[in-house]
Amino acid sequence: MDPDAAPPVLLPSFPDVSFESVLCVVAHPDDVEYGTSSAVAAWTARGIEVRYLLLTKGEAGMDALDPDLTRELRTAEQMAAGEAVGVSHVDFLDHPDGVLVYGLDLRRDIARVIREFRPDAVVVGSWDIEFVAGLNQADHRAAGLAAVDAVRDAGNRWVFRELLEQEGLETWSPRWLLVSAHPEPTHGVDVSGEALERGIASLEAHKEYLAGIPGHPPVRVMISAITRMQGKTMGTANAVLFRAYDFQAPPVRLIEAMQEG
């Protein structure tokens with residue numbers, strides 16, 4: 001190790017006043033629980049209101065079980081998972097599991113919930129074909145991209161005009177978009193201690209679902225390893241990382257480019 005080398009630059013936490021409400025938008029029951037729920041536990045412990053929006057009910061997720069039974073099981077497990085980290089409000093949409101389609105219907109449904117809840121931040125998953133865990137699943141990609149577009153849709157009165165004119169939902173523009181599992185994170189949440197324990201418990205709540213996945217790693221070992229690895233980038237024991245877009249911040253790269261000119 002070079003004694004003269006500069007110390008690594010650690011990722012910052014979110015400022016304490018960043019947000020008071022968060023909406024997590026994912027494709028399936030259990031998607032939030034692979035690490036992100038530990039951050040949710042840290043937020044709810046500070047009094048931040050967090051809600052979940054599930055675009056499907058996960059009915060295609062268990063090969064050995066009929067989809068109708070799977071739907072009931074996985075929605076019940078998701079409610080228990082939310083309770084473990086202080087989330088009691090979970091909305092389930094009826095888009096089909098396994099064949100989730102990016103499009104106007106999906107964007108409209110997400111924008112509707114954003115206008116109803118009016119969160120300060122929206123959490124989404126990666127929409128890239130390849131992300132930190134390998135190749136991304138099709139539903140995850142559709143959900144992430146639709147949610148990103150719905151964030152802007154929710155703030156435009158001339159997009160999905162029926163939301164305002166027929167349903168009375170005023171426009172709303174969240175300040176923050178937080179992308180989990182992004183290869184270039186900008187911020188992190190310290191989840192050391194109780195938040196990590198609650199996050200582990202939230203994934204363990206998907207007991208029957210996980211039991212049907214051959215070779216699934218032990219939950220505690222896996223979540224501890226993921227958050228420990230991410231904690232190194234913050235200088236904490238455990239962390240959950242996000243790529244954060246602050247829509248109220250100036251476009252740094254554009255400003256730098258203009259200054260160079």
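This is a predicted model: local features need pLDDT of at least 70, side-chain atom pairs count only at pLDDT 80 or more; totals for chains, interfaces and linings use all residues.
Residues are numbered from 1 along each chain as its sequence is written, and side-chain values use heavy atoms, with hydrogens and water left out.

R118 sits in the loop between α3 (104-117) and β4; helices (H or I, at least four residues) and strands (E, at least two) are DSSP runs, numbered from the N terminus. Although R118 is not a glycine, its phi is positive, at about 60 degrees. Most residues other than glycine have a negative phi. F160 is another non-glycine residue with a positive phi, near 55 degrees. Its place is the loop between α4 and α5 (162-165), and F160 is buried because its relative accessibility is 10%.

Now turn to W127, in the loop between β4 and β5 (130-131). At 28% relative accessibility, W127 is partly exposed. Beyond its neighbours within four places in sequence, W127 has contacts (heavy atoms within 4.5 Å) with N136, R141, G144, L145, V148 and V179.

Next comes T227, which lies in helix α8 (residues 219-231) and is buried, with 0% relative accessibility. The T227 side chain reaches the backbone oxygen of I223 at 2.8 Å. Not counting residues up to four places away in sequence, T227 touches V191, L196, A237, N238, A239 and V240.

A pocket, on a 1 Å grid over the protein atoms alone, is an open set of points where a 1.4 Å probe fits, with protein on both sides within 12 Å along at least five of seven lines; lining residues have an atom within 4 Å of a point. The volume of the largest pocket is about 990 Å³, taken as the space filled by probe spheres set on the points, which are joined across faces, edges and corners. Its lining has 43 residues, with D31, Y34, F131, H140 and A181 nearest the centre.

Technical notes
Buried means under 20% relative accessible area, exposed over 50%, partly exposed in between (1.4 Å probe, protein chains only). A polar contact is a pair of N or O atoms within 3.5 Å; within protein, one must be able to donate a hydrogen and the other to accept it, and residues adjacent in sequence count only if both atoms are side-chain atoms.
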